[in-house]
Amino acid sequence: MAQFVGLCLLLGVLASLCWLSGSSADLLSRGCLLSFSSNLGKPWRMPPANVGLLYTIKDQNHKSFNVPWLLFERDMGGTDTGGVLSAWRYNGRQCDYQFRVCGFELGVQDNWLVSPYIELEDARRVNVSVAFTMNNCENTKKTCRVAFRIYTLQTDNPNITEAMVNETTFKVAGAFSGVTLDDKTLNYAVVHLDVTARGLFVAFRDEGSCMTMAEMNVTYSICPRLVDRATVLPATLGQTAAKDITGDCVNNTLLVGDAPVRVCEPEGYWGRWLGGDCRCDKGFGVTNTSLCEKCLPGEFKSLVSNSLCLPCPANSNSSYGANSADICTCLDGWYRATNDGPNTDCTRPASAPRNVSVLGVYARNVSLKWAEPVEDGGRSDVQYVFEFTPTLSNSVSTTSVSVMVNGLTPYTNYSLRVGSENGVNKLLQSPGYSMPVTFTTEEDGTEAYPTSRLRSRDSWQMQTQKDDHYLDTATCCILF
């Protein structure tokens, strides 16, 4: 006897069967095959991202929600007496959807629960997963079984008759027994099918168990739509074997080599890359979602690569989409020296040296010392130049903070300024000069100390030098 039992909507909560028709794109976008589920043990769980659910009664937005399952009870003397369930029954309580069977006490059982026809479209690998409870009845009757079987019938024909429901037409997909034998603990089982037909029926065969089928999902494996390495890979149905899928570059990229290809594995995950490379163009940085977006103001990117935009060098800025550090222009008052590259920080001129001191004055040379400038401009190339009045025939520069300057004229009044000069000072042709210091050289051939001929405002103790040996201490005056 075949019974058609409709799956009821209780309190308007129970949702639908989803019958797919049309293109494989519909299947991928709508993603439902076949499922029933109860709240027994734990809440209903949607499948992971790489699995498409092809039917569910949990979603009330699906179409054809009241399509019946088929319940077949063989005429073996089993009848419903004394509350005993001799065949599969839809046990629908509020928000709890399940099928139950428990007819072993009435003798040998052969009860079939057959799904509606499940259209597979382009799916070629299907997963049937079940969650069930099973009571331990082995010690009660010999007709008791603590196992059941899952059968499938792959066919292009969506129609089925009772005569077709047998173990010859249907093929065994898996046999399962309860790991935990009680009526509260869910057991889980899954079978994987390679399919070739347009659709299939799924059947559960009871031969004397006492069990509740709390959840059943028929799903297909799918490599989900993925954006990776600046490449869009389309959602792809898992096939019976790995399949090479060609992706498309996202916007603002350049294709390096061949088109990008990645393997979609049958189990529904993306495998290895086979070739091709999409890379973000200059001025576009890769995001955490593998898209290529314009560099923000204050950033730049000068390479074709899937890398982040870089911040502009210090003290510079850029507009949207800067594709070179050259576009990061220096802020007001900041500069790049002539030999500075575009990736270097913008810097300032050095300020004047401090505390310029005359250590010793002789007929044709003078010994000088000073302190570093307060501001080096953020550079390490500071050197010191000298401005003599009257001018010298030779130019003098040093990176040290002390020097012996030669080439002076005996018995001559001089005014001296020490200047700090870094790359920016040179660019601007403007060293940072100290206040002038004046002194008078000695007569030719003399070794007198310059205590009376220097004009100054402050006096201090100093040491004179000759042939790199310190002589005695004398008093000298300098002008700051």
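Two strands count as paired if DSSP finds at least two bridges between them. Strands themselves are DSSP runs of E of at least two residues, and helices are runs of H or I of at least four residues, numbered from the N terminus.

## Basis of the description

The model is predicted: local features need pLDDT of at least 70, side-chain atom pairs count only at pLDDT 80 or more, and totals for chains, interfaces and linings use all residues. Residues are numbered from 1 along each chain as its sequence is written, and side-chain values use heavy atoms, with hydrogens and water left out.

K243 stands opposite C264 in β20. Four bridges join β18 to strand β20, residues 253-264, and these two strands run antiparallel.

Both strands belong to an open sheet of three strands in the order β18-β20-β21, with antiparallel pairing. The edges are formed by β18 (243-246) and β21 (270-280); each has a single partner strand, so one side of each is left without a neighbour in the sheet. From one strand to the next, the twist averages 20°, where axes are lines fitted to C-alpha atoms, for helices over the stretch in contact, and angles run from 0 to 180 degrees between N-to-C directions.

## Sheet β28-β29-β32

A further open sheet has three strands in the order β28-β29-β32, and its pairing is antiparallel. Here β28 (354-361) and β32 are the edge strands, each with a single partner strand, so one side of each lacks a neighbour in the sheet. Neighbouring strands are turned by 25° against each other on average, direction ignored.

Strand β29 (residues 365-371) is joined to β32 by five bridges, and the two run antiparallel. Within this sheet, L368 stands opposite V403 in β32.

T412 counts as buried because its relative accessibility is 19%; buried means under 20% relative accessible area, exposed over 50%, and partly exposed in between, with a 1.4 Å probe and protein chains only.

A polar atom of the T412 side chain lies 3.1 Å from the backbone oxygen of T409. Leaving aside neighbours within four places in sequence, T412 is in contact (heavy atoms within 4.5 Å) with P390, F439, T440 and T441.

## Loop residue D122

D122 is found in the loop between β8 (118-119) and β9 (125-134). With 37% relative accessibility, D122 counts as partly exposed. The C-alpha atoms of D122 and T236 are separated by 9.9 Å, although the two residues are 114 residues apart along the chain.

Key:
Polar contact = N/O pair within 3.5 Å; in protein donor to acceptor, adjacent residues only side chain to side chain.
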